[in-house]
Amino acid sequence: MARTAKQKPPPAPPADPMPRRVEPCVATLVDKPPKGPEWAFEVKWDGYRLAVHVESGEVRAITRGGYDWTKKFGPIVEEARQLGHSSMIIDGEAVVLDDHGRSDFELLQRAVGKKPSLHESSEIIFYAFDLLYLDGHDLRSLPLAERRRLLEPIVAGRTGAIRFSEEMHADGAEFFRVACEHGLEGIIAKRRDAPYRSERRPEWLKIKCARRDSFVIVGYEPSTVPGAIGRLLLAARRGDDLAYVGGCGTGWSNQESTILRELLNAIPVDRPPVALKRKGAVFVRPLLVADIEYRAWTQDGKLRHPSFKGVREMEGPTEVYEMKDIGSAASAER
């Protein structure tokens, strides 16, 4: 049927169709920051990776795995409606900050989930660090520097649920050192001239801070492998007592595990050296110290992602990590 003169033509389609989902670019883990002016550095946020999609009045929050978590991030979704653009895909990280301004994954899990928490879902912040689509245009082929230039006026200066993940104008090695001193998870390095490519890429690098301290071995849980150890049970000093700080189940070879179990079986004790009930655990006299590398502390004073690095006899109590505040990351006195 022919169109009459009064009928308006249909609206022109966008220059680039908006994808329903973009597989995120994932950083490659390296040991140290790269050098050179082609690299930009940001804080590595410890949270949930999200892509915030804005289109035709609809806003969706999509996780790294492709799940729609829009209902879990209500304040972020509502603020995204107010950013002043008809269509966008913003890449970033949802976090909850602790009292020192550091992202804390455990606090985020509690705020998102059903566990009792002092942090409400309204305290979740979305740190935006990339812009993949804007007002009908796919930006992924543009260099990072250009995508960031377009993103900055949209989110910079905001203090609500959506904020801009700032680029740190500093030498990578120096920024990494300062980040670790302040208890951050690490830093991210990105090539300024690189387009956005999905999946794990060498154009994005992550450098993680690792802590290393000494803890008393107070027992172990046997492995399903005969003669081996499943988890070491560890403790720190708390005044004149010992405080349980969690278990460590990785970092040794099969041979090291067998030798370690033989050492511990030689120093058994009837009563646990710490206030801990653990079915099937073997408790020992607190005579051996384990060197442990770990990422951070949980809110209830347990080691996060611990890894065994060695064992030795304890020469004195002062060489063991001292917990000053079991509700947060304590400082060590060695």
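Me: Before we get going, what counts as buried here?
Reply: Buried means under 20% relative accessible area. Bear in mind that this is a predicted model.

Me: Fine. Which residues of α2 are buried, then?
Reply: Phe 105, Glu 106, Leu 107, Leu 108, Ala 111 and Val 112. That is six of the eight residues of α2, so the helix is largely enclosed by the rest of the structure.

Me: Switching to the largest nonpolar core. Which residues touch the most other members?
Reply: Phe 73, Ile 76, Ile 90, Ile 124, Phe 126 and Val 155, out of 31 residues in that core. The elements giving two or more residues to this core are β3, β4, α1 (74–80), β5 (87–95), α2 (105–112), β6 (125–134), α3 (144–155) and β8.

Me: Which of those gives the most?
Reply: α2, with five residues.

Me: Take Ile 124. What does Ile 124 touch, skipping residues up to four places away in sequence?
Reply: Lys 72, Phe 73 and Ile 76 are on the list, then Ala 94, Val 95 and Val 96, then Leu 108, Ala 111 and Val 112, and finally Ala 161. Leu 108, Ala 111 and Val 112 are also among the buried residues of α2.

Me: What's in the second core?
Reply: That one is separate and has 23 residues, including Leu 232, Val 284, Trp 297 and Met 323.

Me: Now holes. How many cavities of 30 Å³ or more does the structure hold?
Reply: One. The volume of this largest cavity is about 100 Å³.

Me: Who lines the largest cavity, and which residues lie nearest its centre?
Reply: The lining has 13 residues, with Val 22, Pro 24, Ala 51, Ile 62 and Thr 63 nearest the centre. β3 (48–55) and β4 (58–63) each supply at least two of the lining residues. The largest share, four residues, comes from β3.

Me: How does that lining divide by residue type?
Reply: Seven are nonpolar, two are polar and four are charged.

Me: OK, Ser 165. Where is Ser 165 found?
Reply: In the loop between β8 (162–164) and α4 (172–181).

Me: Is Ser 165 buried or exposed?
Reply: Buried, because its relative accessible area is 1%, and the cut-off for buried is under 20%.

Me: What does the Ser 165 side chain make a polar contact with?
Reply: The side chain of Trp 45, at 3.0 Å. Beyond four places in sequence, Ser 165 is in contact with Trp 45 along with Glu 42, Tyr 127, Ala 128, Phe 129 and Arg 148.

Me: Last one, Asp 291. Where does Asp 291 lie?
Reply: In strand β15, residues 288–294.

Me: Which residues is Asp 291 in contact with, leaving aside neighbours within four places in sequence?
Reply: Arg 212, Asp 213 and Ser 214 are there, as are Ser 307, Phe 308, Lys 309, Gly 310 and Arg 312. With the side chain of Ser 214, the Asp 291 side chain makes a polar contact at 2.9 Å.

Me: And how far apart are Asp 291 and Phe 308?
Reply: C-alpha to C-alpha they are 6.3 Å apart, although 17 residues separate them in sequence.

Technical notes: Residues numbered from 1 in each chain as written. Predicted model: local features only at pLDDT ≥ 70, side-chain atom pairs only at ≥ 80, totals over all residues. Heavy atoms only, no water. Contact = heavy atoms within 4.5 Å. Polar contact = N/O pair within 3.5 Å; in protein donor to acceptor, adjacent residues only side chain to side chain. 1 Å grid on protein atoms, 1.4 Å probe; cavity = no way out; pocket = protein on both sides within 12 Å on 5 of 7 lines; lining within 4 Å. Points joined across faces, edges and corners; volume = space filled by probe spheres on them. Nonpolar A, V, L, I, M, F, W, Y, C, P; charged D, E, K, R; others polar. Buried < 20%, exposed > 50% of the residue type's maximum accessible area, 1.4 Å probe, protein only. Core = buried A, V, L, I, M, F, W, Y, C linked by side-chain atoms within 4.5 Å.
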